[in-house]
Amino acid sequence: MNWRLKIILKIILTRLPIPYRVWKKIGLFKFGQMDTSNYAEKIFNLHFRHFSNLRQKSGFTVLELGPGDSALSALYAYLHGANAIYLIDVGDFVNTSVNTYRNAYDRWCETNVTTRKSPDFKSFACFMSSVNAIYLTNGVDDLQNIKANSIDFIFSHSVLEHVRKDKLDNVLRELYRISAIEAISSHNVDYMDHLAGGQNNLYFSDAVWESEFFANSGFYTNRIPPHRMHQKISDAGFNVIHEQFGSWSILSLEESEVHRDLRGDYNRRLSAPTSSLVLTKNK
């Protein structure tokens with residue numbers, strides 16, 4: 001489908017009085033694939049390996065920013081030894097069917113051994129309580145209520161690009177504040193337009209793109225380029241242990257092709273579709 005048509009359709013559909021879970025069921029809106037156990041475990045392990053390789057610690061505290069459609073990360077964090085888990089999002093999106101979590105647990109136990117007690121699958125609330133997990137849905141407001149220097153491992157996957165442009169610095173400062181000394185953070189960021197996998201979002205002015213009308217229509221990204229995103233993360237106080245940038249499979253836009261509002265930050269040579277960072281908080 002043409003990316004322009006996608007924008008029009010999403011603008012129309014998001015204004016209909018239909019809950020997110022209905023859109024998800026029919027496949028029109030979906031916050032990633034984290035309600036699929038194979039994928040959720042893969043993503044959790046992708047990030048957790050940085051913590052397990054760098055910090056040999058039991059009884060740690062985990063925070064996932066933007067869990068999307070499921071709380072499966074809480075299950076895997078618990079099974080790997082976490083004593084407290086925070087899942088923070090900007091709305092209530094997770095799958096609350098206990099069968100999702102019971103099946104994922106049974107599948108994990110087929111190939112792994114754990115000394116941890118089996119979670120309670122009587123209800124979603126019982127499951128979350130039994131794995132010491134809390135699901136919070138007020139975004140940065142919830143971050144501000146978490147105790148400073150209390151989180152040992154923070155991760156996000158294709159989330160930072162969705163934080164509103166004028167709120168990103170505050171979110172990064174809060175993530176730094178709540179990080180314990182020598183905590184590990186792992187983030188993957190997707191800079192593509194979330195419409196056609198390109199840079200079509202760079203054609204729009206800030207006034208249009210950052211408007212509430214566009215930002216609340218299901219395709220918003222903050223359009224902060226990779227080198228600026230990494231700089232903002234460093235400016236928040238984090239020490240970058242490792243960073244990596246993806247490569248475009250298509251021709252990236254020339255500076256003259258992006259909207260003039262974005263040309264000050266855009267650099268074609270530094271442009272990338274994705275990036276990943278591993279961070280720590282120094283003493």
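Arg164 is buried, with a relative accessible area of 18%. In this predicted model, Arg164 pairs with Glu210 in a salt bridge whose closest N and O atoms are 3.7 Å apart. The two residues come from distant parts of the chain, 46 residues apart: Glu210 sits in the loop between α9 and α10, and Arg164 in the loop between β4 and α8. Glu210 is buried too, at 17% relative accessibility. Salt bridges with shared partners bring Arg164, Glu210 and Glu212 together in one network.

In total, the structure holds 10 salt bridges. Another of them joins Glu174 to Arg177, at 2.9 Å from N to O. Glu174 is buried at 11% relative accessibility, while Arg177 is partly exposed at 26%.

A further bridge, between Asp265 and Arg228, spans 3.5 Å. Here Arg228 belongs to helix α11, and Asp265 to the loop between β6 and β7.

Elsewhere, helix α4 is mostly covered, with eight of its eight residues buried. Just after α4, Gly81 takes a positive phi of about 110°. On the surface, Met1, Leu5, Ile8, Leu9 and Ile12 form a nonpolar patch with about 480 Å² of accessible area together; Ile12 is placed in helix α1.

Conventions
Residues numbered from 1 in each chain as written. Predicted model: local features only at pLDDT ≥ 70, side-chain atom pairs only at ≥ 80, totals over all residues. Heavy atoms only, no water. Patch = residues over 30% accessible without salt bridge, like charges linked within 9 Å, V, L, I, M, F, W, Y side chains within 5 Å. Areas by Shrake-Rupley, 256 points an atom, 1.4 Å probe, with all protein chains shown as cover. Salt bridge = Lys/Arg side-chain N within 4 Å of Asp/Glu carboxyl O. Helix = DSSP H or I, 4+ residues; strand = E, 2+ residues; numbered from the N terminus. Buried < 20%, exposed > 50% of the residue type's maximum accessible area, 1.4 Å probe, protein only.
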